[in-house]
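Reader: Could you walk me through this model and tell me what stands behind each label? I would like to see the values set against the cut-offs.

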Amino acid sequence: MFNPLNWLLGLFSLDIGIDLGTANTLVHVKGQGIVINEPSVVAIDTRKKNRVVAIGAEAKEMVGRTPAHIVAIRPLRDGVISDFDVTEQMLHYFIHKVHEQNLLSVPRPRVVVGIPSGVTEVEKRAVHDAAISAGAREAGLVEEPMAAAIGAGLPVTESIGSMIVDIGGGTTEVAVIALGGIVVARSIRVAGDEMDEDIINYARQKYNLLIGQRMAEQAKIAVGSAYPLEQEEIITLRGRNLVTGLPEAIDVSSVEIREALSNSVSVIVDTVREAIDETPPELIADLMERGIALAGGGALLRNLDVRLSEETKMHVYVAEDPLTCVARGAGMILERPEYYRETLTTLQRGSTVH
Ligand code: ADP
Ligand code: MG
């Protein structure tokens, strides 16, 4: 039914889509695109009852540069909310930041938050309530693979089956979606962070070289791959020699980095194959026709699409702008009534989240 008040509110209010990722939080605002893209990191002061001292980029900067009682935490690191309070404050901070940038929008915003599909009912409720207490007039929750699929342009509300593989920092989520629902879902804790660990372990075991997480991530992004490269490359790893205790730089090849990543990549490949195994035959036919879309930062690992394609015998492709799929998808849910009706996840006790 047409409600003039809602219509008027809609003209002036903000529609905000949030990707509460394990590594990065992104905020999409209707008509403006991605307005916030910051690490999901919160710095707390352990001497002052864990008081929050910084959030996002500022918090990440502080890591390792501050006294020991300031510690940085990633409240969603494993795809579950390890700390309600901190997650709530983070959400609060990001919603407020957008609201501040848009002082003209008097009515409170409508918000859709993408959450890892592993979170429990209690956690869902906590995120919903956090969004409301941060000033949202309506807060919907969407499971990240659903939002990623929407952001990747897949026809999620149609009867056609689509497969999305979202490789983030803490988790890889594989889902087959049709008619606005998730038909098959797999979530594992092997993703970008684990790949960084693989490189750290490799350098330690093979070269007695202790490298930091940042160095490992740089190496992964620069020369990491899941399948032989046309032109193999070299990267210099800098760290501390564990025997001499002195700083050391060692050149390693992309072949070695690929070897280091091979276990994690195999686990991801196996998970995709298991999901395909579980998919009803009618939907398999759709997947064969339309292929498998990759999203999340991990989708950028070179030749992962080629490797997956070889192992699944399907067409596999990286979605456009894979790092922003979830945030853009969450934003699109607010723009399309059929998405809003069909793709949001519900809270228990029969109550939907709006
Ligand atoms: P989340 O949704 O869990 O917050 P993101 O989708 O933002 O995670 O992806 C972050 C992960 O993607 C990090 O582990 C990062 O190292 C990794 N990543 C980003 N760019 C690349 C790249 N070019 N190659 C491989 N991994 C990448
Ligand atoms: Mg993500």
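Author: Gladly. Contact here means heavy atoms within 4.5 Å. The model is predicted, with local features needing pLDDT of at least 70 and side-chain atom pairs pLDDT 80 or more, while totals for chains, interfaces and linings use all residues. Residues are numbered from 1 along each chain as its sequence is written, chains are lettered from A and ligands numbered from 1 in the order written, and side-chain values use heavy atoms, without hydrogens and water.

Reader: With that in hand, which residues is D193 in contact with, leaving aside its neighbours within four places in sequence?

Author: D193 contacts R74, R77, G169 and G170 once those neighbours are left aside. D193 itself sits in helix α6; helices (DSSP H or I, at least four residues) and strands (E, at least two) are numbered from the N terminus.

Reader: And why is D193 called buried?

Author: Buried means under 20% relative accessible area, exposed over 50%, and partly exposed in between, with a 1.4 Å probe and protein chains only. D193 has 14%, so it counts as buried.

Reader: What makes α6 roughly perpendicular to α7?

Author: Their axes cross at roughly 105° and come within 8 Å. Axes are lines fitted to C-alpha atoms, for helices over the stretch in contact, with angles from 0 to 180 degrees between N-to-C directions. Under 35 degrees is roughly parallel, over 145 roughly antiparallel, 65 to 115 roughly perpendicular, and the rest oblique. The value therefore makes α6 roughly perpendicular to α7. On the α6 side the contact is made by G192, M195, D196, I199 and I200, and on the α7 side by Q213, A216, E217 and K220.

Reader: How does the contact of α6 with α7 divide by class?

Author: There are four nonpolar, two polar and three charged residues in the contact of α6 with α7. Nonpolar covers Ala, Val, Leu, Ile, Met, Phe, Trp, Tyr, Cys and Pro, charged covers Asp, Glu, Lys and Arg, and polar the others, Gly among them.

Reader: Why are α5 and α11 also described as roughly perpendicular?

Author: Helix α5 (residues 144-151) and helix α11 (residues 325-335) pack at about 85°, with axes 7 Å apart. That angle is why α5 and α11 are roughly perpendicular to each other. From α5 come E144, A147, A148, I150 and G151, and from α11 C325, V326, R328, G329, A330, M332 and I333. This contact of α5 with α11 has eight nonpolar, two polar and two charged residues.

Reader: Is I150 buried or exposed?

Author: I150 is buried, because its relative accessibility is 0%. Not counting residues up to four places away in sequence, I150 touches V156, G329, M332, I333, Y339 and T343.

Reader: What does the largest pocket look like in numbers, starting with its volume?

Author: The volume is about 1,000 Å³. On a 1 Å grid over the protein atoms alone, a pocket is an open set of points with protein on both sides within 12 Å along at least five of seven lines, a cavity is a set where a 1.4 Å probe fits but cannot get out, and lining residues have an atom within 4 Å of a point. Points are joined across faces, edges and corners, and a volume is the space filled by probe spheres set on them. Of the 45 residues lining the largest pocket, A23, N24, G169, D193 and E217 are the closest to its centre. By class, the lining of the largest pocket divides into 17 nonpolar, 14 polar and 14 charged residues.

Reader: And how many cavities of 30 Å³ or more does a search of the whole structure find?

Author: One. The largest cavity has a volume of about 50 Å³, and its lining consists of I81, F84, T87, E88, A126, V127 and A130. Helices α3 (84-101) and α4 (121-133) are the elements that give two or more residues to that lining.

Reader: What makes the phi of K49 worth a look?

Author: Most residues other than glycine have a negative phi. K49 is not a glycine, yet its phi is positive, about 50°. K49 lies in the loop between β4 (42-45) and β5 (51-55), and at 83% relative accessible area K49 is exposed. D321 likewise has a positive phi, about 45°, without being a glycine. With 45% relative accessible area, D321 counts as partly exposed.
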